[in-house]
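Biologist: I've got a model open and a few things to ask about it. Can you take me through them one at a time?

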Amino acid sequence: MKTILHVSKYYYPDLGGIETVAMYLAEGLSEYQNVVICFANDNKYHEDEVHGVKIYRVPVNFSFMSQDVAFSYYKILRQLTKQYQPAFCHVHCPNPFVYPLVCACVEKTTKVVLHWHSDILSKGLMYPIIRPFENAILKRADIIVSTSPNYIPFSKPLNKYPQKIRVAQNGLITDNFVLQPGDDEKIALLKEKYQGKKIIFFCGRHIPYKGIDNLIKADTFIHGDCVILIGGSGPIDDELKAIPCSERVYFLGRLPDDDLRQYLHAADIFAFPSNTKAEAFGIALAEAMYCHCAPVCFTIQGSGVNWVSIKEETGLEVPLNDVKAFASGIDKLINNNELLKKYSDAAHQRVTQYFTKKEAIEAMRKIYKELDE
C-alpha cells in the first residue's frame, strides 16, 4: 500500500476549514496509508491516531505574522520521509514555513501535491522574503490543486504553472447539517421568536474580509419585513456593533453546532457579504445552501464564492461593495416567495451534487489516480 504524507498546519481535533479538508482526505483516501504531520497547539510533541490516521504533532517555538515556527520540524519530517518513504506528499497551503523543509526532506521519487487553499495575502514586507520558497515549492510540485476554477486566473503564483493545475472542490460534511430529533420544534420556536418575519442570517468569523459592515449598512436600505441575525464573533466585534442600525439587527455571538444547524434551517436568506478573494471558496456559504438558504453575495474577482453559488440560478449576486444593491437583492427575495423557493431548492441541489465531502474526496481520488499512472 502506497503512503500519502499529509502536511497540514493543524489537524483534528483542532478545527478550521483546511483542517477539515485534511481530515476528510486522510480518512477518505483509504486505498492509501495516510500519515499526517502538523503543528501541536500545546507546544508539546505528540504522536496519536485519529480514526485510523497516524498524526505527528510538532511543538511550536513561536509565531510570527500568523506563521508558526517549529525548530524540530525538519528533524521530524526527515524521520517520517525515511520511515514511510511516501509515494506522495500532500501539502496544504499557505504554510510557507514548511515549503523549504519539504523541498529539502522529500525524496525526488515522491510526488508532491500542493493543495492551494489560498494565495499568501496581506504579508506586506514579508512576502518578498517568502516568495523564493513559494516559487521553489511550486516548481517542485507535480500537481497543484485549486479549490475552484475561478481562483486560478487571478492567482499570480499559479499563473506560472497552468499545466500542473487541477481543481478539487472543498466538501461539506452533510451529517452536521441534517435535521436531528427535536430540531423541528426548536426551528418553529425560532420562527415564532422573530414573529414569522423573513430571517436574514449570517454566520462567520468577524474579520474585515467577511464584509459584515456592508450587511449592517444595508439594513438602512432593506424595506421588506425581516430580521437580520449575525452569528459568530471575532476581533472587530466592537467596530461592527458601533455601526448605526435598526433594532431588527441582532448579534447572536458564537453559536454551538446544534444552534447553527437550527438557525440555518430556520433562515430564509443567507447574507454572504465577503468582499475579497481572501474568501477563496466559501464553505459557510455551501453549508447555508445545503440547508435551503437562498444566498445573496457580492461578485468577487478571483474567488470561488461565485462558483459555489451561481448568479440567478442558486441565488443573487450583486456588484462588489454596493450596499444598496445588496439590500435590493435581499428585498427581491423577501418580496418574491416563488423566486426564494426556486433559489433555495436549487442551492440545496447544487451543494448536494458538487460540494459534499464524498464528491470532494472523489475529485481528489481522480487526481491521485492520474499521478499514479
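Modeller: Strand 14 (residues 269-272) and strand 15 (residues 294-298) run parallel and are joined by 4 bridges. Strands here are DSSP runs of E with at least two residues, helices are runs of H or I with at least four, and both are numbered from the N terminus; two strands pair if DSSP finds at least two bridges between them. This is a predicted model, where local features need pLDDT of at least 70, side-chain atom pairs count only at pLDDT 80 or more, and totals for chains, interfaces and linings use all residues. Residues are numbered from 1 along each chain as its sequence is written, and side-chain values use heavy atoms, with hydrogens and water left out.

Biologist: Which residue is the bridge partner of Ile269 in strand 15?

Modeller: Ile269 belongs to the stretch 269-272, which is strand 14. Its bridge partner over in strand 15 is Ala294.

Biologist: In what order do the 6 strands of the open sheet come?

Modeller: The pairing is parallel throughout that sheet. From one strand to the next the twist averages 25°. The order is 13-12-11-14-15-16.

Biologist: How many bridges pair strand 11 with strand 12?

Modeller: One of the contacts to look at is Cys203, whose bridge partner in strand 12 is Gly231. The two strands pair in the parallel sense, and the bridge count is 6.

Biologist: At about what angle does helix 12 run to strand 15?

Modeller: Helix 12 (residues 323-334) lies across strand 11, strand 12, strand 14, strand 15 and strand 16, where contact means heavy atoms within 4.5 Å. Axes are lines fitted to C-alpha atoms, for helices over the stretch in contact, and angles run from 0 to 180 degrees between N-to-C directions. For helix 12 against strand 15, that gives about 165°.

Biologist: Which peptide bond has omega near 15°?

Modeller: There's a cis bond joining Cys93 and Pro94, but omega there is about 10°. The one you want ends at Pro13, in the loop between strand 1 (3-7) and helix 1 (17-28). It's the cis bond from Tyr12 to Pro13.

Biologist: Is Gln85 buried or exposed?

Modeller: Gln85 sits in the loop between helix 2 (73-84) and strand 7. Its phi is positive, near 45°, and it isn't a glycine. At 64% relative accessibility, Gln85 is exposed.

Biologist: And what is the relative accessible area of Asn321?

Modeller: Asn321 is in the loop between strand 16 and helix 12. Like a few other spots worth checking, it has a positive phi, about 60°, although it is not a glycine. Asn321 counts as partly exposed, with a relative accessible area of 37%.

Key:
Buried means under 20% relative accessible area, exposed over 50%, partly exposed in between (1.4 Å probe, protein chains only).
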